[in-house]
Amino acid sequence: MKNFWIGIIAVICLTHQTFAQTGIIKGLVKDAETGEALGFANVQLEPSKQVTTTDINGNYIFNNLNPGLYNVVATYIGYEFQNKAEIQVTNNNPQIINFNLSSKGDKIEEVLVKVSPFEKNPEIPVSSRSLGIAEIERNPGANRDISKVVQSLPGVAQGVAFRNDLIIRGGGPNENRFFIEDIETPNINHFATQGASGGPVGMLDVNYIRKVDFMTSSFPANNYNALSSVMRVKFKNPRTDRVGLRGTFGASDFGLASEGPIGEKSSFFISGRRSYLQLLFKALGLPFLPVYNDLLYKYKTELGKKTEFYTIFLGAYDVNSLNLGANETEEQRYILSYLPSSKQWNYTNGYVVTHYHGKGFTNFVFSRNMLSNISTKYQDNVETADNLIQDYTSTEAENKFRVETKQKVNGYSINSGVNFEIAKYTNETFNKIALPTGPITIDYTSSLGLRKYGAWFQGSKQLFGNRLSVSGGFRTDFNDYSKDMNNPFKQLSPRVGLSYSISENFKLNSSWGIYYQLPSYVTMGYRDANNTLVNKDNGLSYIRARHNVLGIEYLTKIDSKIGVEGFYKNYSNYPFSLTDSISIANFGGDFGVVGNTPAASISNGRSYGLEFLYQQKMYKGFYGIFAYTFVRSEFEDRSGNFIPSSWDSQHIVSVTAGKQFKRNWSLGMKWRFSSGVPYTPYDVANSAVIANYNIQPQGFLDFSRLNSERIQPFHQLDMRVDKKYYFKNLNMNFYFDIQNAYNFQTQLSPYFDVQRDANSNPIVDPNNPGSYLTRLVSNSTGTVLPTLGVIVEF
């Protein structure tokens, strides 16, 4: 092992070796609506200023490029220009960059030579950010994990440590939706929280991501079932010259990947990964041993001149077991006392056919996704029938079909379509829980089938010499769960957006919309001992959020953007737990299951705030993002009073900056700050009751004092150094990433425990023989986490 690291250091030190420059960028330029090739279009490289012209079939190519980052701009008379920013060129892997240009409806007189790297979609005038692969890969502390990367953007707060929960503008982590290409993908994280969207590790191989569009409002009508954000991930085109291989070796996992052609018209990529965290955690004496595995692939082909097809698959298999031998410290014993063992797998498989016709195209999308979640827990971790506390097995499966048409009609861009889903949810729950009134046992089996329907229409147009962009539309969603949910007019979701160019680089943007989201299957499928769908009888309905956003945006001449946005979100019909008397909007930031409780759609909430963004694309070797967010998030308590929610972060700051140096060295840093979020203190008296503690050693919370305390503010510095080598048939990227560089200790809410004697047995309260003596133990987290890794591409 020693010789291995000596070899790596020796390779890194070879900074003067040079190799032949054989980088290639090539692709196709075509009409976005008809799919017709655009011959004699201009394609320009920045910053090299090289220009070429497409051939009669719309193809272009740049040969003999130096490895590095390029912007590729395509222009054609009568069409909107398009810029693909920060394309990474290497010697051994041609970059395939295709362009779909939209007709302007009026003619331009000359080709543009300087364009902004920030794309603007008229359908999304506000609250939309885009990140390219270079910005994702070089983000310090993110470890190439897309959910951690977007935490650099305004409006995004970090949840508890070591998780990827997206807390957007004061909304919970269950309010986000993800689309991989055009496939809705419910889970993009390992060890996902059922009923929410977070987890500790991302599943996507970022080496195949071309771009991420992240929307925190102004959602297009074809994106549905989201209240706080929509993330759309676009993959790169697989290489077509030959089959290539890549290996990735990091601190927590290793991965293998391959891509290349299959015949003349088809290509693929496939990527797999397995963790070895369990070995590291066992060596460190941690009480839990996680193992994760994932697989990603894409296959695409041409079915004819006007028809394309692709399929994608994303799946994961995760196991978390207990390390019972790690029980020497009180923290180890505390974690072992409540943490269950778990096993989870999930996948999404989708198929898309795109057919171009007339002035537009139609997508036919079929997909299936499934989740299986199993967890068990025994008192004192002694696996006998009498000691069983929790035995939970659940599955969620969805089969989806969507038809979507985009076309240009008399200068209007029209997007319309319908979708249909068949879903099935199953749940077998045995769970002993503690309540202030004493322990109870929940024991039920549930099976729920749903048919879901949706339809939408959206149009956009540019007016007054393209100075004003107007977008408006609506959608509706309904299902057969109940009579109320089956009424399409109750979920009618209108939206409108405006963008006005005060000058060439200065814009005023605004949007308004109403959005609906279905409650989680866990909540919809909850049954009592009589096998009754309790929450159906309670009138469970779609959750509603109304968004109002106003912002300004300025594009500078040095490839940067400055923006300020104010937002207000109003929530209604949120599920309210009838057991805990708390809005379910406050849950979702931890492992386990959210919403497995009797509930009614009676909770209201609001969030509002202000965001500032400065985003610098690569310019003379420098890049960066500065984001500040002020946000307040409030939901009603049991008395109907607005109080801070669990996501009331107040002040969020993120500073990301970096520099590209000569000889392919780069250095980056990211500093984050967040005000302390609220938490609910323990109900110490009832948690101390012996019968309660024996089945719920965590204690339980005093919801009469909901979110009345706050943890201390959080801040952290992450740093990353990269060194890349470009050989003729081999690329190597060595990186050193360090999270929490100055070892800040985040103070979380204290945890509840009982006092113990010398033999670690709980001590009974002599003044109250039915209870234990208790204590609150300080709970801090944070450690310096260095990662040394290498990516090898053949």
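Student: Which strand holds Gln390?

Tutor: Gln390 lies in strand E25 (residues 388-409). Strands (E, at least two residues) and helices (H or I, at least four) are DSSP runs, numbered from the N terminus. This is a predicted model, where local features need pLDDT of at least 70 and side-chain atom pairs pLDDT 80 or more, while totals for chains, interfaces and linings use all residues. Residues are numbered from 1 along each chain as its sequence is written, and side-chain values use heavy atoms, without hydrogens and water.

Student: What does the side chain of Gln390 join in a polar contact?

Tutor: A polar contact is a pair of N or O atoms within 3.5 Å; within protein, one must be able to donate a hydrogen and the other to accept it, and residues adjacent in sequence count only if both atoms are side-chain atoms. Here the side chains of Gln390 and Ser375 are joined at 2.5 Å.

Student: Which residues of helix H4 are buried?

Tutor: Buried means under 20% relative accessible area, exposed over 50%, partly exposed in between (1.4 Å probe, protein chains only). In H4 (residues 277-284), the buried ones are Leu277, Gln278 and Phe281. They sit on the same side of H4 because they cover an arc of only 95° around the axis. That arc is taken from the directions from the helix axis to the C-beta atoms.

Student: What does the face turned away carry?

Tutor: That face of H4 carries exposed Leu279 and Ala283.

Student: Where do the buried residues of H4 pack?

Tutor: Contact means heavy atoms within 4.5 Å. The buried residues of H4 pack against strands E20 (266-275) and E21 (288-304). Just after H4, Gly285 has a positive phi of about 75°.
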